[in-house]
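Me: I have a structure open and would like to go through a few parts of it. Can you take my questions as they come?

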Amino acid sequence: MNSEINQRFLARGSQKDKGLAVFTSGGDSQGMNAAVRACVRMAIYLGCKVYFIREGYQGMVDGGDCIQEANWASVSSIIHRGGTIIGSARCQDFRERQGRLKAANNLIQRGITNLVVIGGDGSLTGANLFRQEWSSLLDELVKNKTITTEQQEKFNVLHIVGLVGSIDNDFCGTDMTIGTDTALHRIIEAIDAISSTAYSHQRTFIMEVMGRHCGYLALVGGLACEADFIFIPEMPPKVDWPDRLCSQLAQERSAGQRLNIVIVAEGAMDREGHPITAEDVKKVIDERLKHDARITVLGHVQRGGNPSAFDRILACRMGAEATLALMEATKDSVPVVISLDGNQAVRVPLMECVERTQAVAKAMAEKRWADAVKLRGRSFERNLETYKMLTRLKPPKENFDADGKGIEGYRLAVMHIGAPACGMNAAVRSFVRNAIYRGDVVYGINDGVEGLIAGNVRELGWSDVSGWVGQGGAYLGTKRTLPEGKFKEIAARLKEFKIQGLLIIGGFESYHAAGQIADQRDNYPQFCIPIVVIPSTISNNVPGTEFSLGCDTGLNEITEICDRIRQSAQGTKRRVFVIETMGGYCGYLATLAGLAGGADAAYIYEEKFSIKDLQQDVYHMASKMAEGVSRGLILRNEKASENYTTDFIYRLYSEEGKGLFTCRMNILGHMQQGGSPTPFDRNMGTKMAAKCVDWLATQIKANIDANGVVNCKSPDTATLLGIVSRQYRFSPLVDLIAETNFE
Ligand SMILES: Nc1ncnc2c1ncn2[C@@H]1O[C@H](COP(=O)(O)OP(=O)(O)OP(=O)(O)O)[C@@H](O)[C@H]1O
Ligand SMILES: O=P(O)(O)OC[C@H]1O[C@](O)(CO)[C@@H](O)[C@@H]1O
Ligand SMILES: [Mg+2]
């Protein structure tokens with residue numbers, strides 16, 4: 001679906017004659033508040049009159065106080081809150097024409113002809129129907145003299161734009177719905193916590209997760225928590241599932257695993273369409289394996305709590321885009337939903353998405369399982385394949401000869417260079433398992449370049465990497481030392497272990513190191529192997545990628561700390577916090593954390609600022625305080641400016657704010673690097689490493705001679721795997737290095 005709709009520039013205050021309302025409908029989801037805030041503020045910026053409709057369609061039907069005008073301050077301090085402050089509901093009245101007639105009248109009386117609906121597929125279908133019926137509803141209202149013909153003429157077109165708010169991620173046409181990432185956070189927090197008690201007692205836990213008709217949460221939760229078995233509605237297990245389940249769990253126990261995790265999606269079923277419940281699974285395990293099995297139903301916990309940084313940012317971008325789309329709509333434009341395609345917010349026709357979503361349900365009802373998976377989208381399909389591969393107990397026989405040696409069987413190595421970042425362990429686990437699956441031998445190099453020179457290298461087996469996905473830091477060990485001046489020793493070790501392909505996972509130093517090694521290929525034949533870098537640093541400052549592994553975790557850490565810092569000022573009169581983030585010369589963390597935390601300003605190196613800008617921001621802050629805002633948040637990247645330091649900014653705000661607000665400063669430091677990897681980082685690490693195994697094998701195959709000597713010389717055999725313009729891309733290091741300022 002690539003039906004992007006062209007956008008045009010809209011000036012501040014240019015939409016003065018327009019009325020816009022926003023409402024939330026269906027099951028709530030975390031991030032809805034951030035979306036409401038963004039819609040409202042963008043609309044105010046453009047000059048519209050903005051309304052909240054409380055309690056979803058019910059509020060629209062009931063009118064009265066349920067439809068209230070909103071202002072800048074009415075959406076202040078809500079971005080971090082779960083649920084929806086304007087209420088949500090399921091409404092029977094709106095399903096009837098009489099209800100919709102009342103709703104239309106309520107909107108017309110307030111001059112509202114632009115609606116942002118934030119909800120699931122049902123809410124969006126209802127909105128589309130309402131739009132189609134609009135002119136006949138107006139005819140009827142004129143006929144029964146509820147509205148005048150002038151009103152009918154003036155408000156003759158209803159524009160709607162949808163935002164998908166649902167934790168299930170069950171809506172086709174968008175990669176992620178608002179709330180899904182947060183629900184995954186809740187799921188992995190719960191499973192990580194359960195795993196420690198399960199380990200102590202050698203128990204099997206059956207976790208039921210939400211998703212009435214969609215297995216996304218179970219699937220991605222399973223990937224992120226190394227679940228041993230999952231049940232999802234799109235791909236029901238074969239009739240012999242009890243045998244398969246028990247043999248999988250039994251084999252894992254006999255290989256030394258002390259616990260098992262099984263995830264059952266709420267909507268799981270067998271191939272006949274009969275539900276498979278957590279109880280059914282427990283019964284099978286109790287009877288056949290005599291494990292000490294327990295059930296945990298996560299329930300509405302998954303829909304609760306503060307939204308993740310991802311959901312806040314997603315909702316902010318989508319909310320602002322929704323208002324813009326409404327302002328640009330003409331009487332002929334089709335209603336759209338704002339979707340996420342890769343890393344971009346795009347507009348796609350609403351009904352196309354609804355129809356595709358309904359097609360998945362139809363495919364499942366008709367037992368066309370493969371179609372159902374395909375219709376869910378490429379990312380769902382890929383997640384499912386990765387999941388299956390990573391949870392196989394043994395690599396497939398066809399990849400090995402009679403002696404158990406891999407038929408293609410290359411010798412690969414993995415190491416880290418630079419600071420640790422969350423997601424590194426997930427990447428190593430996936431690399432090891434994907435390679436072993438193919439029949440390759442994998443070496444883990446401990447402690448970076450120094451470890452390699454010291455010969456601190458060991459072969460990694462399938463179970464050596466069990467339990468790594470959820471762990472922060474870097475189990476292999478990492479150091480910042482670069483290879484320069486040590487090429488001879490490095491080449492000797494690569495020769496000793498006969499390494500044919502190398503993966504380096506780390507930040508800027510990894511990229512720099514890989515470039516240095518590739519640059520010495522003419523001098524050291526051992527360096528003529530394919531080399532690939534997975535960028536992994538919270539700073540997100542590596543060229544060739546829009547995201548680095550670990551920066552989502554870093555961003556969430558900062559966002560949560562900002563929430564707590566701001567909360568500390570509750571009850572304190574007017575206070576401004578100045579917070580310093582990490583990021584080197586890259587303003588990613590400060591800017592995105594600023595967006596997710598609803599900050600008033602973010603100072604970064606890339607955007608030069610002067611004392612005049614700082615002064616203006618202080619005055620702006622003072623005027624916001626005078627209008628009723630009580631807390632301010634200022635973020636500053638650690639290297640934003642040599643002289644306008646965090647301390648300087650803190651003192652400036654303190655001095656200029658005297659009598660108006662108090663000021664406090666916090667330097668966040670290393671807590672930003674740590675913690676438990678987020679679902680995003682766990683999955684990104686897993687997927688990127690799987691791609692690197694494929695890439696290395698392809699390069700080796702293309703450059704290997706009959707004696708097994710690999711001779712890679714061309715620039716495209718030393719690369720960095722990044723995410724660029726919505727896609728994974730291997731970029732030659734030389735191209736990136738040519739544009740990098742190493743100072
Ligand atoms: N076909 C329809 N016609 C009119 N209104 C509808 C229709 N479908 C849904 N609605 C309205 O939207 C409301 C919410 O729909 P529904 O209960 O299906 O939730 P949803 O938006 O799909 O969210 P979720 O499934 O994520 O909870 C309904 O209560 C009803 O008021
Ligand atoms: O809150 P309710 O009405 O019980 O709905 C629960 C359902 O809502 C969802 O969270 C979202 O559709 C489903 O995963 C779940 O089955
Ligand atoms: Mg729904």
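This is a predicted model: local features need pLDDT of at least 70, side-chain atom pairs count only at pLDDT 80 or more; totals for chains, interfaces and linings use all residues.

Me: OK. Where is N540, then?

Reply: N540 sits in the loop between β16 (531-535) and α18 (551-567).

Me: Is N540 buried or exposed?

Reply: Buried, because its relative accessible area is 8% and the cut-off for buried is under 20%. The backbone of N540 has a positive phi, near 55°, in a residue other than glycine.

Me: What about E226, which loop is that in?

Reply: The one between α7 (216-225) and β7. E226 is another non-glycine residue with positive phi, near 55°. Its relative accessibility is 17%, so E226 counts as buried.

Me: You mentioned β7. Which sheet order does it belong to?

Reply: β7-β8-β6-β9, an open sheet of four strands with parallel pairing. β7 (229-231) and β9 (292-297) are the edge strands; each has a single partner, so one side of each lacks a neighbour in the sheet. From one strand to the next, the twist averages 15°.

Me: How many bridges between β6 and β8?

Reply: Six, in the parallel sense, between β6 (residues 203-209) and β8 (residues 260-265). One residue to look at is I206, whose bridge partner in β8 is V262.

Me: Which strands does α6 lie across?

Reply: Helix α6 (residues 180-201) lies across β6, β8 and β9, and runs at about 165° to β6.

Me: What length should α6 span?

Reply: Its 22 residues, at 1.5 Å a residue, should span 32 Å; the end C-alpha atoms are 31 Å apart, which agrees. After α6 comes Q202, with a positive phi near 50°.

Me: Are C316 and C663 buried or exposed?

Reply: C316 is buried, with a relative accessible area of 8%. C663 counts as buried at 4% relative accessibility.

Me: And how is the protein divided into domains?

Reply: Domain 1 is 2-177 + 307-362, domain 2 is 180-303, domain 3 is 397-548 + 682-738, and domain 4 is 554-673. Taken over C-alpha atoms, the centres of domain 1 and domain 4 are separated by 32 Å. Nine residues from domain 1 and 11 residues from domain 4 take part in the contact.

Me: Where is D93?

Reply: In the loop between β3 (67-69) and α3 (97-109). D93 is partly exposed, at 35% relative accessibility. Leaving out neighbours within four places in sequence, D93 contacts Q58, V61, G99 and R100.

Me: How far is D93 from L555?

Reply: 42 Å in space, C-alpha to C-alpha, and 462 residues in sequence.

Me: Last one, T719. What does it touch?

Reply: I531, V532, V533, W695, F730, S731, P732 and L733, not counting residues up to four places away in sequence. T719 is in strand β21 (residues 718-724), and at 1% relative accessibility T719 counts as buried.

Technical notes
Residues are numbered from 1 along each chain as its sequence is written. Chains are lettered from A and ligands numbered from 1 in the order in which they are written. Side-chain values use heavy atoms; hydrogens and water are left out. Two strands pair if DSSP finds at least two bridges between them. Helices (H or I, at least four residues) and strands (E, at least two) are DSSP runs, numbered from the N terminus. Axes are lines fitted to C-alpha atoms, for helices over the stretch in contact, and angles run from 0 to 180 degrees between N-to-C directions. Contact means heavy atoms within 4.5 Å. Buried means under 20% relative accessible area, exposed over 50%, partly exposed in between (1.4 Å probe, protein chains only). The expected span of a helix is 1.5 Å times one less than its number of residues. Domain bounds come from an automatic or database domain assignment.
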